[in-house]
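Hi,

Here is the structure I promised to pass on.

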Amino acid sequence: MSRAFRAAARGASLLTYYFDLAWRSCRRSKALTALVVLLMGCGAATCMVSFAVFRAAAADPIPWKSQQLFVPQIDNFGPAHNWKGEPPTLLSYTDAVALLQARQARRQVLIYGSKWTVLPGDAQHLPSSQEGDAVSHDFFAMFDAPFRYGGGWSASDDEQRAAVVVISSALNRKLFGGANSVGREIELDAHAYRIVGVLDDWNPSPRFFDVSSTWYPFSRPRQLYVPFSRAIDLHKAASTNFYCSTNSVDPYLPNWDSILHSECAWIAAWVELPRRADVERYRDWLHNYAAEQQRVGRFDWPPNVRLSGVGQWLQIMKVVPKSSALSLIVSVSFLLICLVNVVGLMLARFMRRAPEIGVRRALGASRGAIYRQFLTEAAAIGLAGGVLGLLLTALGMVGIGKVFEPEIARLATLDASLLLLTVLVAVTASLVAALYPTWRAAQVQPAWQLKSNG
């Protein structure tokens, strides 16, 4: 026990000694030290601001459940019209309803976006157009949507095409001043709907569950949700992506019935599969369904289906904006440029002290001691650069909205992990930059230095 204590005390004493040498060296080369600290601080801060944006855009939107949620895809376009052999990202009405009615998953959800005109119940508010989603009843349970008041509708409401609606907390504040509005009615497109639930402030970013049917996955959340079956009965057109199996213009669809029976893809589908065996079983079912459509003559190509998890789906849809990915690449490149310059500065800094190194070596200092001394000095400079990087990172986060899209910028946060990472990057980069200069310093021959200094 005492031997270990003595060893620890000796190590602490040596570390204190090395830091003292580093401090003396920095005082002798103030301008050079300040330049290295500035380069490390700027490089680390630039990298961390870009990383904060990239991290926010690429984060798992539902990490506690993403391993259980999947997107089924069925190729109803065929090899002549699909994209490089990949099925459409959305489903036709025929396939979407078949998946919903088959009930092969624990939960299954259909989604398509639409616009609704909200008519307020009093003269104080003007009619307004609101973005909404037509969804099946499992939507709220599948995606763990939090409710402030009430809840979602039931399966029987879906079957009966009930005129019910779930509204956002923002719309509830606008229409009812934030009070509990469950049981009250609002008019949507001149039809009365009974409010069954008010969502809490809920805005998954990206809005992964309808990323394939919306124009921008980081835009503001939907303001209302109505039963999918009700929207279909009302011939409510999709306000989002609508793909048809043609390379030119959309086919002529004169009425709602022709839309429902067309091969156009406009409905997003999700399934919840808790176990790996459920995933394999559902994938087999998808394949068998497509094979059956081929057998009855609807498809004249072999089954082409996909079942993608949340992470894979976001990659397929290229959800991470190119601007954030590009900025991260540019900032990392800038950090590397800073490193190259720091290597040159540290080489000049260390080699100016060759006489000092020669004397220490002549007095018995090993090369290992030289390594420890100069790497400790580099770590100290990196730590100072990290502190400067913290200030510059905080400043960069304030003005981040002027460089990136506001919807992305608001997601980036300056948390403890980012602060710690900023310091770690600066210290690590400084140590890496000091490796070659330290090696050169350790190669100094004491005899040459003593002879040259007479």
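**Salt bridges**

Arg 148 and Asp 201 join their side chains in a salt bridge, at 3.5 Å from N to O. By salt bridge I mean a side-chain nitrogen of Lys or Arg within 4 Å of a carboxyl oxygen of Asp or Glu. This pair connects distant parts of the chain, 53 residues apart: Arg 148 sits in strand β4 (residues 147-150), and Asp 201 in the loop between β7 (191-199) and β8 (224-227). Helices (H or I, at least four residues) and strands (E, at least two) are DSSP runs, numbered from the N terminus. Arg 148 is partly exposed at 34% relative accessible area, while Asp 201 is exposed at 52%. The cut-offs there are under 20% for buried, over 50% for exposed and partly exposed in between, with a 1.4 Å probe and protein chains only.

Before going on, a word on what this is: a predicted model, where local features need pLDDT of at least 70 and side-chain atom pairs count only at pLDDT 80 or more, while totals for chains, interfaces and linings use all residues. Residues are numbered from 1 along each chain as its sequence is written, and side-chain values use heavy atoms, with hydrogens and water left out.

The structure has 22 salt bridges. One of them pairs Arg 298 with Asp 95, with the closest N and O atoms 2.6 Å apart. Those two are 203 residues apart, Arg 298 in the loop between α9 (276-295) and β10 (305-309) and Asp 95 in helix α3 (residues 93-102). Asp 95 is buried at 0% relative accessibility, whereas Arg 298 is partly exposed at 21%.

Glu 272 and Arg 107 form another, at 2.9 Å between the closest N and O atoms. Glu 272 is in strand β9 (residues 268-272) and Arg 107 in strand β2 (residues 107-119), so this bridge ties together parts 165 residues apart in sequence. Glu 272 is buried, at 0% relative accessible area.

**Helix α9**

α9 has 20 residues and reaches 29 Å from first C-alpha to last, close to the 28 Å expected at 1.5 Å a residue (1.5 Å times one less than the number of residues). Which of its residues are buried? They are Asp 278, Val 279, Tyr 282, Trp 285, Leu 286, Tyr 289, Ala 290 and Gln 293. They lie on the same side of α9, because they cover an arc of only 130 degrees around the axis, taken from the directions from the helix axis to the C-beta atoms. The face turned away carries the exposed residues Arg 276, Ala 277 and Arg 295. Cover for the buried residues includes β1 (69-74), α3, β9 and β10, contact meaning heavy atoms within 4.5 Å.

**Thr 438**

Thr 438 is in helix α15 (residues 416-442) and is buried at 0% relative accessible area. Leaving aside residues up to four places away in sequence, Thr 438 touches Phe 350, Ile 370, Tyr 371, Phe 374 and Leu 375.

**Aromatics**

There are 24 aromatic pairs, counting rings of Phe, Tyr and Trp (its six-membered ring) with centres within 6.5 Å; planes under 30 degrees apart are stacked, over 60 edge-to-face and the rest tilted. Phe 139 and Phe 140 pair edge-to-face, 5.2 Å centre to centre with 85 degrees between the planes, and both are buried.
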